[in-house]
Amino acid sequence: PETLETIGTPALVLDREALMRNVARMDAALARHHVPLRQHVKTAKSVEVARIAGHAHGAAITVSTLREAEHFAAAGFADQVYAVGLVPTKVARIAALTHQGVRVRAITDDLDAVAALDEAARAAEAALEILVEIDVGQHRGGIAPDSDVLLEIAAAIARAPAVSPAGVLAHGGHAYDCSGPDDLARVAEEERAGAVHAAERLRQAGHAAPIVSVGSTPTALFARDLRGVTEVRAGVFVFMDLFQSALGCAPVEDVALSVLASV
């Protein structure tokens, strides 16, 4: 068998024991809140790692490209969230997965996109489940929890025959600007509270919002309260990195991925 001394370089080296410690750390964090993980597979892009982290064949996952969606669907992962704003030209590929029995929920934060997505879904003879993206502080994308546009999008989804409401999705990416556990807990609470408030507004207006999806590795690990949340999305926790270690998410020895190179 190959060893670190004999393997050709450059080579990617995965420390399986560190990987397992990282998975156990996330398991323990979410078990405190009784909230399930929807692993984001964009970090590892590995079916084997996804199965280890999800503890099951076909566990719920998040993807960021349709190639990821198709790759993991072929491996039996039939419960997916495509966490990038969906454009109509990509609906046919999601429809193809749907026709194979794969459930792929999409997201949007654009009122005008709803009608276009509905038209594309009808053309593909498929039904789309839509999560509304909520801005909980990063200001990269999404709708503010108190915005009137949130209810306008929900109403547009309700009118569209080929799309249906799935709930809300938020990402507290500004956690990466934090310093210390208290700061991370504050952002985690902003993420939770914003998403839950948006879902409650939808429900009060008569719209379905069964899913309240939040998450990043730091907010998942440092959240002190996840009431109202139905799932947590995190991905980099499987490998960790020096940035995550600097945030306090894991010790340096739990960085599970490295590159072996010859100089």
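Q: How many bridges join β7 to strand β8, and which way do the two run?
A: Two strands pair if DSSP finds at least two bridges between them. Strands (E, at least two residues) and helices (H or I, at least four) are DSSP runs, numbered from the N terminus. Here three bridges join β7 to β8 (residues 211-214), and the two run parallel. Gly167 has Ile211 as its bridge partner in β8. The model is predicted: local features need pLDDT of at least 70, side-chain atom pairs count only at 80 or more, and totals for chains, interfaces and linings use all residues. Residues are numbered from 1 along each chain as its sequence is written, and side-chain values use heavy atoms, without hydrogens and water.

Q: Through which helix does the chain cross from β7 to β8?
A: A crossover is right-handed if, with the strands pointing away from the viewer, the path from the first strand over the helix to the second runs clockwise. The chain goes through α7 (residues 181-204), and this β-α-β crossover is right-handed. β6, helix α6 (residues 148-159) and β7 also make a right-handed unit.

Q: What joins β6 to β7?
A: Seven bridges join β6 (residues 128-134) to β7, in parallel. Leu131 has Gly167 as its bridge partner in β7.

Q: Is β7 (residues 163-170) mostly covered or mostly uncovered?
A: Buried means under 20% relative accessible area (1.4 Å probe, protein chains only). Six of the eight residues in β7 are buried, so defined.

Methods: Buried means under 20% relative accessible area, exposed over 50%, partly exposed in between (1.4 Å probe, protein chains only).
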